[in-house]
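Hi,

Here is the structure I said I'd pass on. Have a look at it first, and then read on for what turned up in it.

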Amino acid sequence: SELAWTGFNKAISAQLDGATTMVEQGDFVGAKSELEAVIALSPDNQAARRALEGLLDLEQQWIQTQAAAAQNNAVAREMVSDGMAAVADGDLEMASQTYSELLTDYPDFEGSLKLKSQLLSAYIEATREEITNQQYEMAQEYIGLGKALAPNYAAWLELEEEIEVSRTNNR
């Protein structure tokens, strides 16, 4: 009957869609099982046969992509660690350079936010230290470096006010 045939085609279509979803999620064993089930039910289904034939290549591509992503994450994590060590050592220039390279090479790496936060805190601390030492130009330079990372950060206005107050009080 036509109704049964329509239901059969919908079921086959759902299994093909399920296999596609499994491939996207990296479940190649499940996808193979779904495709083999479709072929068992509908031996002439060319879409299922082509998908099954291409499954091994897709799996190899997926494995390579996952390996490359893992390698990139490892390198990016190491860069964050190096940048954090530079901040801890007071080498803000190296930390800033590392952060810039991290953004260039791995713009979507979430760990870069941690380095940025540490760098901003270090710039604020260095600015305050320079204000205490009445080294206002150097303090202003740190503010400029900080603004390059986070231009709208409220701390920069506060620090600029601290510089002016300190200058006025020390005249």
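One cut-off before anything else: a residue counts as buried when its relative accessible area is under 20%, as exposed when that value is over 50%, and as partly exposed in between. With a relative accessible area of 1%, Y123 is therefore buried. Please keep in mind that this is a predicted model.

**Around Y123**

Y123 sits in helix α5, which covers residues 112-132. If you skip the neighbours within four places in sequence, Y123 is in contact with L92, S96, Y142, L145, G146, L149 and W156. One of these contacts, Y142, is also a ring partner: the two ring centres are 6.3 Å apart and the planes meet at 40 degrees, so the pair is tilted. The cut-offs behind that word are under 30 degrees for stacked and over 60 for edge-to-face, with the rest called tilted. Y142 belongs to helix α6 (residues 136-149), 19 residues away from Y123, so this is a link between distant parts of the chain. Is Y142 buried or exposed? It is buried, with a relative accessible area of 16%.

Nonpolar side chains in soluble globular proteins tend to be buried together. Here the largest nonpolar core has 29 residues, and L92, L102, L119, Y123 and W156 are the ones that touch the most other members. Which elements give two or more residues to this core? They are α3, α4 (92-105), α5, α6 and α7. The biggest share comes from α5, with eight residues. Another core lies apart from this one; it has eleven residues, among them I12, L16, F28 and A31.

**Back to the rings**

The structure holds three aromatic pairs. F28 is in helix α2 (residues 28-41) and W62 is in helix α3 (residues 46-88), so the pair ties together parts 34 residues apart in sequence.

**Salt bridges**

How many salt bridges does a search of the whole structure find? The search finds five. Side chains of opposite charge can pair when their charged atoms come close. Here are the ones I looked at:

- E36 and K32 meet at 3.9 Å, N to O. They are four residues apart in helix α2, so about one helical turn separates them. Both are partly exposed, E36 at 38% and K32 at 41%.
- E162 and R128 have their closest N and O atoms 3.2 Å apart. This pair links distant parts of the chain, with E162 in helix α7 and R128 in helix α5, 34 residues apart. E162 is partly exposed at 29% relative accessibility, and R128 is partly exposed with a relative accessible area of 36%.
- K147 and E160 meet at 2.9 Å, N to O. K147 lies in helix α6 and E160 in helix α7, so the bridge ties together parts 13 residues apart in sequence. K147 is partly exposed at 30%, and so is E160 at 21%.
- E137, E164 and R167 are linked in a network of salt bridges.

The E36–K32 distance of 3.9 Å is worth a glance next to the cut-off: a bridge needs the side-chain nitrogen within 4 Å of a carboxyl oxygen.

**One more in α7**

Last one: S166, in helix α7 (residues 154-169). S166 is buried, with a relative accessible area of 12%. Its side chain is joined to that of Y136 by a polar contact of 2.7 Å. Leaving aside neighbours within four places in sequence, S166 is in contact with I131 and Y136.

Cheers

Methods
Residues are numbered from 1 along each chain as its sequence is written. This is a predicted model: local features need pLDDT of at least 70, side-chain atom pairs count only at pLDDT 80 or more; totals for chains, interfaces and linings use all residues. Side-chain values use heavy atoms; hydrogens and water are left out. Rings of Phe, Tyr and Trp (its six-membered ring) pair if their centres lie within 6.5 Å; planes under 30 degrees apart count as stacked, over 60 as edge-to-face and the rest as tilted. Buried means under 20% relative accessible area, exposed over 50%, partly exposed in between (1.4 Å probe, protein chains only). A polar contact is a pair of N or O atoms within 3.5 Å; within protein, one must be able to donate a hydrogen and the other to accept it, and residues adjacent in sequence count only if both atoms are side-chain atoms. Contact means heavy atoms within 4.5 Å. A nonpolar core is a set of buried Ala, Val, Leu, Ile, Met, Phe, Trp, Tyr and Cys residues joined through side-chain atoms within 4.5 Å.
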